[in-house]
Amino acid sequence: MEIKDYKDMKNLQKVMAISLFSLFLNHVCQAQNPIIQTWFTPDPAPMVHNDTVYLFTDHDEDDAQYFKMKDWQLYSTTDMVNWTYRGTPISTETFQWAIQGDNAWASQAIERDGKWYWYICANDTIKKLHGIGVAVADRPEGPYSDPLKKPLVPGAFGYIDPSVFIDDDGQAYLFWGNNGLWYAKLNKDMISLGSEVIPVKELNDTTAFGPLVMKRDYQLNKRMLKTNYEEGPWVFKRNGLYYMVYAAGGVPEHMAYSTAKSIHGPWKYQGRIMNEAANSFTIHGGSIEYHNRHFMFYHNGALPNGGGFRRSTCIEEFKFGEDGKIPFIPFTKEGVRTPVRNLNPYQRVEAETMAFSYGLKTDRRAGSQHYITSIHNGDWLKVRSVDFGEKGATNFSACVAGLMQGGSIELRIDALGGSVIGTLDVSPTGGSEQWKVQTTQVNAVKGVHDLYLLFKGGDEELFNVDYWIFNH
């Protein structure tokens with residue numbers, strides 16, 4: 001463009017602004033990492049059960065300036081790209097021995113004999129130190145209760161980040177520790193220890209956990225050479241070999257791992273597998289196998305308003321080497337590129353199921369009934385790999401609730417700026433939880449597409465959405 005006058009300059013600035021915004025939208029719409037955008041979700045702990053991946057996370061508060069965590073959240077997927085919010089089943093209030101309202105630290109859950117055991121760390125009201133507790137439920141989303149009414153492992157310095165593991169012979173173990181590493185057997189009831197607390201004595205052995213590093217000893221309050229191991233152990237077994245993935249190197253942390261032929265060691269250092277996470281001085285990992293594919297979970301601070309105290313879960317797919325080693329895993333914004341399966345839009349889809357979103361929140365409660373909220377003009381969500389089939393859809397229904405007049409849900413495919421296949425004009429229902437199913441006709445779309453729900457309306461909050469479904 002030849003710039004001749006002030007008007008041309010303003011036009012150029014407008015074109016550049018539109019172009020930059022388009023690039024931003026294209027980048028965001030192609031992103032998969034972080035996988036949850038409605039809340040900050042550090043310390044991911046995935047578990048596979050009955051062909052579903054359950055993701056147990058901590059929850060950094062939106063205004064956190066330090067570690068400010070009051071509760072723990074649950075998500076699930078069956079395709080590894082679209083994640084469904086399953087509620088906030090437990091909080092510090094679940095544990096009467098814990099300091100209430102804050103300091104909900106890293107956790108991990110496991111199923112055994114039809115019961116779910118969620119091992120958490122919270123500040124002990126008696127010792128004023130981190131204690132490890134356990135909550136029990138019949139289903140992953142709860143309701144959970146604290147059967148012990150006291151810590152399973154009483155509070156002590158460095159007693160954080162529990163990791164639970166059940167060996168092939170049925171013996172369960174609990175590992176934990178920051179700047180120290182401890183473990184103990186669990187009895188079959190999973191709520192009592194079956195051994196004394198055993199310290200891993202190899203931490204300063206460079207063959208076991210890597211080179212010593214200069215970092216601060218918080219008990220002695222001075223910098224000194226210490227173990228490369230930092231915190232966040234994650235223990236699993238593959239082909240007869242025990243793996244321990246952990247945060248390493250001090251602050252900022254990277255991710256490393258060691259292996260052993262016995263759960264009791266000796267451990268052998270295998271090296272770094274992830275660098276320091278973007279915009280976060282911590283990293284916390286967990287690995288699963290799902291449909292013969294391997295995934296490494298971690299967190300970073302890459303979301304808007306994110307940072308070292310506002311972190312979010314990410315995933316990278318990887319392949320073990322033929323020698324059983326975990327390769328170095330680079331960070332990507334795309335995350336999981338290929339879904340395990342496509343999504344069926346002709347079955348009820350919870351509105352809190354999404355691959356990416358902008359501006360939205362989910363409710364913050366326990367139970368099985370959840371919805372998306374805090375919906376304003378211009379907010380949107382993306383659902384990946386939606387299979388409309390050969391016949392195609394003819395109408396779209398959504399269960400909505402709200403007071404505002406004039407809001408709408410615009411349905412687009414393949415891109416946020418892609419083709420509009422239909423628009424649902426939402427009528428007020430009389431209240432934020434007064435639900436009503438509303439329907440609109442859509443253009444017959446066939447095959448597999450990414451689907452975008454773009455919310456439009458006035459300046460106020462528009463409505464809540466419980467679920468949606470397409471029909472032939």
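Analyst: Gladly; please keep in mind that this is a predicted model.

User: Why is S107 called buried?

Analyst: The relative accessible area of S107 is 2%, and buried means under 20%, so S107 is buried.

User: What makes the link between the side chains of S107 and W118 a polar contact?

Analyst: The side chains of S107 and W118 are joined at 3.0 Å, and because a polar contact is a pair of N or O atoms within 3.5 Å, that distance meets the cut-off. Leaving aside neighbours within four places in sequence, S107 is also in contact with other residues, including A45, D58 and Y119.

User: How do you know that strand 1 and strand 2 pair?

Analyst: Strand 1 (residues 45-49) and strand 2 (residues 52-60) share five bridges in the antiparallel sense, and since two strands pair if there are at least two bridges between them, these two strands pair. Within this pairing, A45 stands opposite F56 of strand 2, and in the hairpin, which has two residues between the strands, N50 takes a positive phi near 50°.

User: Which residues touch the most other members of the largest nonpolar core?

Analyst: In that core of 61 residues, they are F56, Y119, L174, V245, M296 and I326, while strand 6 (residues 115-123) gives the most to the core, with seven residues. A second, separate core of 32 residues includes I375, V445, F455 and F470.

Note on methods. Residues are numbered from 1 along each chain as its sequence is written. This is a predicted model: local features need pLDDT of at least 70, side-chain atom pairs count only at pLDDT 80 or more; totals for chains, interfaces and linings use all residues. Side-chain values use heavy atoms; hydrogens and water are left out. Buried means under 20% relative accessible area, exposed over 50%, partly exposed in between (1.4 Å probe, protein chains only). Helices (H or I, at least four residues) and strands (E, at least two) are DSSP runs, numbered from the N terminus. A nonpolar core is a set of buried Ala, Val, Leu, Ile, Met, Phe, Trp, Tyr and Cys residues joined through side-chain atoms within 4.5 Å. A polar contact is a pair of N or O atoms within 3.5 Å; within protein, one must be able to donate a hydrogen and the other to accept it, and residues adjacent in sequence count only if both atoms are side-chain atoms. Contact means heavy atoms within 4.5 Å.
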